[in-house]
Amino acid sequence: MASVEVKVPQLSESVAEATLLEWKKKVGDVVARDEVLVEIETDKVVLEVPAPEAGVISQIARPDGSTVVSDELIATIDTAARTGAQAPATLPATPPAVAAPVAAPLAAGNPASAQASRGAGIAMPAAAKLLAEHNLSAAQVPGSGRDGRVTKADVLSAVAQPPAAAPARPAALATAAAAAAVPRAALAEVRAAVTVDPQLQGRPEQRVPMSRLRQRIAERLLQSQASAAILTTFNEVNMQPVMDLRNRYKDKFEKEHGVKLGFMSFFVKAAVYALKKYPVVNASVDGTDIIYHGYFDIGIAVSSPRGLVVPILRNADQMTFADVERTIAEYANKARDGKLSIEELTGGTFSISNGGTFGSMLSTPIINPPQSAILGVHATKDRAVVEAGQVVVRPMNYLAMSYDHRIIDGREAVLALVAIKDALEDPARLLLEL
């Protein structure tokens, strides 16, 4: 029997181990070359492991939920076989709390059928969140995605249709059945979406394990608060000049560059403008040394189904407005689909968090170590302000800058935030570098 080994990809130096999230195939299944076999979650990203060769899975060495390291053997593929007729190798026992994903049965000699149904019962991350919200399982919703995977649109369509009549069941039993139908990996992804209807009887609870990403987020936030002397300074900015400039050129901009002109590119450029004036805000602490960075790698906080991630705009000072908007859009799509690479999440000298996307009016963002400062952007709202002794209505945005007081004094932090305000209220400064 000719066979090839499937191993854990090489992880980065900062990632010691990872978790097998969910096998997409089972022993005896036919697989094509480069077909995704399993998802592996690190504390930064979720990696897809493809089949190195076509064949039949003859062994799965590690079950869902296992902790693995770089280059560890996790499966074997029989490249000489082309059907699922041979006797499957023994699969290591799966703990009761880690149920293996349900795969559609494969008739011997019928790979075409497997190709059509191999994704059945598997939900994309955004769809998994909606499924949990509506107490549905992926098996209950027909999938229109690749290989039959359930998409967000599929779930919305299923929810919009009136459900078929079914015998009434006690609410507690219905909740338990719904929870049992959701794979463990999906539960980890949608932990934030788990809600308990106050009208349900029996006071149900649901215990969901933290994903590695959520554990890492918690660890880094605690590290930041424990190791840095964090203070926050606030200011307000009149967004009317930026809004006028955007409205004037947004159609031409999109036609020329193929991407929409948003507000984040203005915030990024304004931040770089301020960091050039006050380099210590772009610096970091290493023991008793201060490291001044001669480059501007700006982290952009992005929400994903698995938690908050901060991909990096490298050399943001050299990027055009179109480059910034295009890269942020790519990062948002990758974050949604779990496709961000470790390299895209590593590094950064300063970060921007836009809570205004979700309606936040004011917040105190936490610094992303080893950085020394972060800008918090909030919702723009019409407010009454005084200009030249007159009360007028302007679209105002509260800005917050959290900084590490160990190396950044209040003067530098305040002046840096004022510089951001000045750049946004007079965007010509960004072009003329004034």
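This is a predicted model: local features need pLDDT of at least 70, side-chain atom pairs count only at pLDDT 80 or more; totals for chains, interfaces and linings use all residues.
Of the 434 residues in the protein chain, 44% count as buried. As for contacts with a separation of 6 or more, 65% are between residues 24 or more positions apart.

Val 56, for instance, has Asp 78 in β8 as its bridge partner. Strands of a sheet pair through backbone hydrogen bonds, whether parallel or antiparallel.

Five of its five residues are buried, so β17 is largely enclosed by the rest of the structure. Ala 373, Leu 375 and Val 377 point one way from the strand, Ile 374 and Gly 376 point the other way, and burial applies to all of them. β17 also has pairings of both senses. With strand β16 (residues 350-354) the pairing is parallel, over four bridges, and here Asn 354 stands opposite Val 377. With strand β19 (residues 390-404) the pairing is antiparallel, over five bridges, and Ile 374 finds its bridge partner in Ser 402.

Two helices round out the picture. Helix α8 (residues 264-277) is 14 residues long and reaches 20 Å from its first C-alpha to its last, close to the 20 Å expected at 1.5 Å a residue. This helix is mostly covered, with 12 of its 14 residues buried. The buried stretch takes in Met 264, Ser 265, Phe 266, Phe 267, Val 268, Lys 269, Ala 270, Ala 271, Val 272, Tyr 273, Ala 274 and Leu 275.

Helix α10 (residues 410-425) has 16 residues, which should span 22 Å at 1.5 Å a residue; because its end C-alpha atoms are 22 Å apart, the two values agree. An α-helix has 3.6 residues a turn, so residues three or four places apart point the same way. In α10, the buried residues are Glu 412, Ala 413, Ala 416, Leu 417, Ala 419, Ile 420, Lys 421, Ala 423 and Leu 424.

Technical notes: Residues are numbered from 1 along each chain as its sequence is written. Side-chain values use heavy atoms; hydrogens and water are left out. Two strands pair if DSSP finds at least two bridges between them. Buried means under 20% relative accessible area, exposed over 50%, partly exposed in between (1.4 Å probe, protein chains only). Contact means heavy atoms within 4.5 Å. The expected span of a helix is 1.5 Å times one less than its number of residues.
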